[in-house]
Amino acid sequence: MNSADSQHPKFGPGDEALAALPTVYRDDLFAGKVVLVSGAGSGIGKAIAFLFARLGATLAICGRKADKLEDCAEKLRALSGREVITYPMTIRDPEQVDAMLSAVWERLGGVDVLVNNAGGQFAAHAMDFNVKGWNAVIDTNLNGSWYMMQGAARRWVEQGRPGNIVNITAAIDRGLTGMAHTTASRAGVIALSRTLAIEWAEHGIRLNCIGAGAIESNGFNNYREENVSTFYSCNPMKRAGDVQDIAEAVVYLAAPSGKFITGEVLNVEGGMLLWGEFWPAGKPDYFKVDQE
Ligand SMILES: CCCCCCC/C=C/C(=O)SCCNC(=O)CCNC(=O)[C@H](O)C(C)(C)COP(=O)(O)OP(=O)(O)OC[C@H]1O[C@@H](n2cnc3c(N)ncnc32)[C@H](O)[C@@H]1OP(=O)(O)O
Ligand SMILES: NC(=O)C1=CN([C@@H]2O[C@H](COP(=O)(O)OP(=O)(O)OC[C@H]3O[C@@H](n4cnc5c(N)ncnc54)[C@H](OP(=O)(O)O)[C@@H]3O)[C@@H](O)[C@H]2O)C=CC1
């Protein structure tokens with residue numbers, strides 16, 4: 001996405017709007033803190049980075065595409081007047097994760113908050129997955145998040161400083177048809193976070209997850225138009241969430257407001273776990289009971 005496009009995306013707010021979205025938080029909440037956000041070149045990750053920048057944080061951002069990251073960093077620098085580090089890499093490669101973390105630690109002296117937002121999947125019925133597709137999703141969402149968590153935690157322990165991790169996952173408790181691979185990977189991240197919240201508590205490391213529902217973002221471009229329409233009616237609120245819903249939830253967990261919260265999942269999904277149909281890969285005939 002180039003600079004002009006990033007002002008007028010098909011889904012979600014443009015950069016100018018993003019920089020001015022209302023927030024409940026005070027503007028020095030993260031002054032003096034360093035926040036690392038993965039997948040910050042677009043969508044939810046970009047919104048998270050913008051909000052932390054507005055709250056006084058110094059940002060490091062990573063993702064695969066250098067141009068998207070640099071475009072985002074330029075806006076963040078203009079917004080905050082502070083240094084922003086960009087690092088193109090894939091979270092699927094443990095060596096690239098390690099090199100990125102070392103570079104960020106070296107340049108910024110450390111990190112206070114890690115937001116594992118990078119990830120994704122494709123919509124398909126499970127019978128149609130091939131091995132490569134399954135592995136791509138598990139490797140990105142589960143393994144990639146794990147490399148990031150372990151790498152950050154080792155550095156925090158080495159430095160003797162506390163740490164804070166927020167993982168962006170999905171609202172999976174009712175299952176998600178057309179996304180079986182992602183439910184497996186997100187369940188893995190959630191289970192891992194609960195376990196690590198115990199193991200790493202002695203080091204002052206907190207870990208929490210956000211269970212995102214349908215959040216209108218750049219990510220919607222990955223789905224067929226007729227299926228995207230179901231994202232706006234899959235919960236009792238009958239609308240999609242916005243990127244600021246997730247960004248503010250991340251801040252809540254990472255800030256002192258979350259200081260007694262660890263190993264938790266905060267679902268931000270408009271009630272989707274209670275009611276609603278969600279068919280990212282289309283509705284199978286078996287479920288078309290209304291039309292019989
Ligand atoms: C509670 C939640 C409900 C609300 C959800 C609302 C909907 C939005 C959800 C979102 O998460 S939006 C964010 C979406 N963003 C992304 O998904 C972006 C990142 N995604 C990706 O990078 C890919 O989807 C990926 C599969 C995770 C990785 O792709 P990449 O190209 O890097 O991987 P490869 O290793 O090359 O493997 C590609 C491999 O994957 C299979 N595949 C890909 N697309 C499809 C498809 N449409 N159908 C079936 N299979 C697919 C396939 O095996 C590919 O291999 P090749 O065929 O290309 O050889
Ligand atoms: N929007 C929604 O409704 C929901 C989103 N989510 C999750 O929220 C997160 C953000 O999604 P969203 O903003 O909507 O969609 P986007 O597609 O805009 O964001 C995904 C981001 O992840 C990055 N990314 C993907 N794979 C890798 C990788 N291997 N290494 C490094 N970075 C990677 C991408 O960067 P690049 O393009 O540079 O590779 C991109 O910036 C994702 O994990 C998504 O699955 C979960 C539930 C619902």
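Predicted model: local features only at pLDDT ≥ 70, side-chain atom pairs only at ≥ 80, totals over all residues.
Residues are numbered from 1 along each chain as its sequence is written, and chains are lettered from A and ligands numbered from 1 in the order in which they are written. Helices (H or I, at least four residues) and strands (E, at least two) are DSSP runs, numbered from the N terminus.

**Salt bridges**

- The whole structure contains eleven salt bridges, a salt bridge being a side-chain nitrogen of Lys or Arg within 4 Å of a carboxyl oxygen of Asp or Glu.
- Side chains of opposite charge can pair when their charged atoms come close.
- One of the salt bridges joins Arg107 to Glu83, with 3.2 Å between the closest N and O atoms. This pair links distant parts of the chain, 24 residues apart: Arg107 belongs to helix 4 (residues 94-108), and Glu83 to the loop between helix 3 (66-80) and strand 3 (84-88).
- Arg107 is exposed, at 53% relative accessibility, whereas Glu83 is partly exposed at 40%. Here buried means under 20% relative accessible area, exposed over 50%, and partly exposed in between (1.4 Å probe, protein chains only).
- Asp112 and Arg161 form another salt bridge, their closest N and O atoms lying 3.0 Å apart. Asp112 is in the loop between helix 4 and strand 4 (113-116), and Arg161 is in the loop between helix 5 (131-159) and strand 5 (163-170), so the pair ties together parts 49 residues apart in sequence.
- With a relative accessible area of 18%, Asp112 is buried; Arg161, with 21%, is partly exposed.
- A further salt bridge connects Arg224 with Glu226, and the closest N and O atoms are 2.9 Å apart. Arg224 is exposed, with a relative accessible area of 58%, and Glu226 is partly exposed, with 46%.
- Asp15, Lys46, Asp71 and Lys75 are joined into one network by salt bridges that share partners.

**Helix 3**

- Buried residues of helix 3 include Lys68, Leu69, Asp71, Cys72 and Lys75.
- Among the elements that cover the buried residues of helix 3 are helix 1 (15-19), helix 2 (43-54), strand 2 (58-63) and strand 3.
- Gly81 follows helix 3 and has a positive phi, near 75 degrees.

**Ligand 2**

- Ligand 2 is surrounded by 29 residues, of which Ser42, Arg64, Lys68, Arg186 and Ser217 are the closest. A residue is near a molecule or strand if one of its heavy atoms lies within 4 Å of it.
- A nitrogen atom of ligand 2 is 3.0 Å from a backbone N or O atom of Ile91, and an oxygen atom of ligand 2 is 2.8 Å from a backbone N or O atom of Asn117.
- The side chain of Asn218 has an N or O atom 2.9 Å from an oxygen atom of ligand 2.
- On its own, ligand 2 has 880 Å² of accessible area, and the protein covers 90% of this. Accessible areas come from the Shrake-Rupley method with a 1.4 Å probe; for residues, only the protein chains shown count as cover.

**Ligand 1**

- The shell around ligand 1 holds 21 residues, the closest being Arg64, Arg92, Gln121, Asn130 and Lys132.
- Helix 5 supplies the largest share of this shell, three residues.
- Oxygen atoms of ligand 1 lie 2.6 Å from a polar side-chain atom of Gln121 and 2.9 Å from a polar side-chain atom of Lys132.
- A backbone N or O atom of Gly133 is 3.3 Å from an oxygen atom of ligand 1.
- The protein covers 65% of the 1,200 Å² of accessible area that ligand 1 has on its own.

**Val243**

- Val243 is part of helix 8 (residues 243-254) and is buried, at 3% relative accessibility.
- The C-alpha atoms of Val243 and Ile215 are 6.2 Å apart, although the two residues are separated by 28 residues along the chain.
- Beyond its neighbours within four places in sequence, Val243 is in contact (heavy atoms within 4.5 Å) with residues including Pro13, Leu18, Ile44, Ile215 and Ser217.

Notes. Heavy atoms only, no water. Polar contact = N/O pair within 3.5 Å; in protein donor to acceptor, adjacent residues only side chain to side chain.
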